[in-house]
Amino acid sequence: MTELRQQGQAAGWRDDPYGRHELRFFDGHRWTPYVRDAGTDSMDEPGGPMSDTTMQHGRSPLLTDNVLVVERFTDLGRRWSDRSVLRPDGTRAGLLRRAAPSDAGSAGLKSLVTRDHTKNDVVELVDENQAVVLTLIRPTGTPKSSVEVRDSDGDASGRIVQQSLRRSETTYALLGPTGHFLGDLQAENWVGWDLRIVDGHGRQVATITRDWTGLDPARFQRPDDYVVRITETVHEPLRTLVVACALSLEVVVRPHTGDL
């Protein structure tokens, strides 16, 4: 759904190709800033990665699968432990690993060559073929958690930023590559494993729980791992941030507990 492919098509309201709204107006030549959600019109300048479904081809299943099981960090005596990401059938789909400084020339870190690893925690999500899918960079020593997410080419996908709301509530905002708000991670109690991710309109788009409904626990060695479920309607750029947030809770949510 690039502008070139849309040339010659009639003007009208269409699904927002950027995934930020329900509808966006196409004037027959280009996408406009006029958007609509549940019958309410507003303005949002077009820009950022498009959510073209054809872009799904060739992407890692880690960014397209709707159900994943993630190994929990349990050995608090260690600074870091690589963690597996599993498919619903119990087979391994990927791995969360600490990126060493010597890996700075890899695709996922090509834009981080000049960064000082002593000032940043750098974690990679790699697929079953050891190809980098996402890279997460969290500055150390900061009062609030702020995680930068980069894609397999090292380009910015957005940020996950801790924010404190009224009544001392804490959420983690998901910001797109241009800084626009896409959604956030919420929970009534961060100790309990019943987390949810909502989009910018308050609609639940993912859950992070220990609910094994529909899965066979016998296929998994660790019944205390957590299950990520993502709705099929989540498109880019929100989809990448949802996956990054859901698969790396210890990096995003608990950065100061000494487990990294």
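1. I start with a loop residue. A38 sits in the loop between β3 and β4. Its phi is positive, about 50°, although A38 is not a glycine. A38 has a relative accessible area of 68%, so it counts as exposed. Please keep in mind throughout that this is a predicted model.

2. Q130 is placed in the loop between β8 (120–127) and β9 (132–139). Phi of Q130 is near 70°, again a positive value in a residue other than glycine. Is Q130 buried, exposed or partly exposed? Its relative accessibility is 41%, and the label "buried" needs a value under 20% while "exposed" needs one over 50%, so Q130 is partly exposed.

3. The overall make-up comes next. The protein has 3 helices and 16 strands. Of its 260 residues, 48% are buried. The accessible surface comes to about 12600 Å², and carbon and sulfur atoms account for 50% of that area. Taking contacts between residues at least 6 apart in sequence, 41% join residues at least 24 apart.

4. The largest nonpolar core contains 42 residues. Those with the most contacts inside this core are L125, I160, L185, I197, I208, V242 and L247. Helix α2 (residues 238–247) gives the most to the core, namely 8 residues. There is also a second, separate core of 6 residues, including V69, W212, L215 and F220.

5. I208 shows what such a core residue touches. Leaving aside neighbours within four places in sequence, I208 is in contact with L185, W193, D194, L195, I197, Y226, V227, V228, A246 and L249. Two of these partners, L185 and I197, are also listed with I208 among the residues with the most contacts inside the largest core. D194 is another of the contacts of I208.

6. How many residues of α2 are buried? The count is 10 of the 10, so the helix is largely enclosed by the rest of the structure. The buried residues are L238, R239, T240, L241, V242, V243, A244, C245, A246 and L247. Note that R239 and T240 are in this list.

7. P237 lies in the loop between β16 (226–230) and α2. The peptide bond from E236 to P237 is cis, with omega near 5°.

8. D65 is found in the loop between β4 (40–43) and β5 (67–70). Its relative accessible area is 24%, so D65 counts as partly exposed. Apart from neighbours within four places in sequence, D65 is in contact with I230 and R239. R239 is one of the buried residues of α2. The C-alpha atoms of D65 and E232 are separated by 8.7 Å, although the two residues are 167 apart along the chain.

9. Strand β10 (residues 146–150) and strand β11 (residues 156–164) run antiparallel and are joined by 5 bridges. S146 stands opposite V161 in β11. β10 and β11 form a hairpin with 5 residues between them, and G154 in the turn has a positive phi of about 85°. On to the next strand: 6 bridges join β11 to strand β12 (residues 170–175), and this pair is antiparallel too. The bridge partner of I160 in β12 is L174.

10. S84 lies in strand β6 (residues 83–86). With 14% relative accessibility, S84 counts as buried. Not counting residues up to four places away in sequence, S84 touches V69, V70, E71, R92, G94 and L95. V69 also belongs to the second core.

11. The last point concerns the surface. W13, Y34 and M43 form a nonpolar patch there, with about 330 Å² of accessible area together. Y34 is in strand β3 (residues 31–37). Y34 has a relative accessible area of 46%, so it is partly exposed.

Definitions and conventions. Residues are numbered from 1 along each chain as its sequence is written. This is a predicted model: local features need pLDDT of at least 70, side-chain atom pairs count only at pLDDT 80 or more; totals for chains, interfaces and linings use all residues. Side-chain values use heavy atoms; hydrogens and water are left out. Patches are made of residues with over 30% relative accessible area and no salt bridge: like charges are joined within 9 Å, nonpolar side chains (Val, Leu, Ile, Met, Phe, Trp, Tyr) within 5 Å. Accessible areas come from the Shrake-Rupley method with a 1.4 Å probe; for residues, only the protein chains shown count as cover. A salt bridge is a side-chain nitrogen of Lys or Arg within 4 Å of a carboxyl oxygen of Asp or Glu. Helices (H or I, at least four residues) and strands (E, at least two) are DSSP runs, numbered from the N terminus. Buried means under 20% relative accessible area, exposed over 50%, partly exposed in between (1.4 Å probe, protein chains only). A nonpolar core is a set of buried Ala, Val, Leu, Ile, Met, Phe, Trp, Tyr and Cys residues joined through side-chain atoms within 4.5 Å. Contact means heavy atoms within 4.5 Å. Two strands pair if DSSP finds at least two bridges between them.
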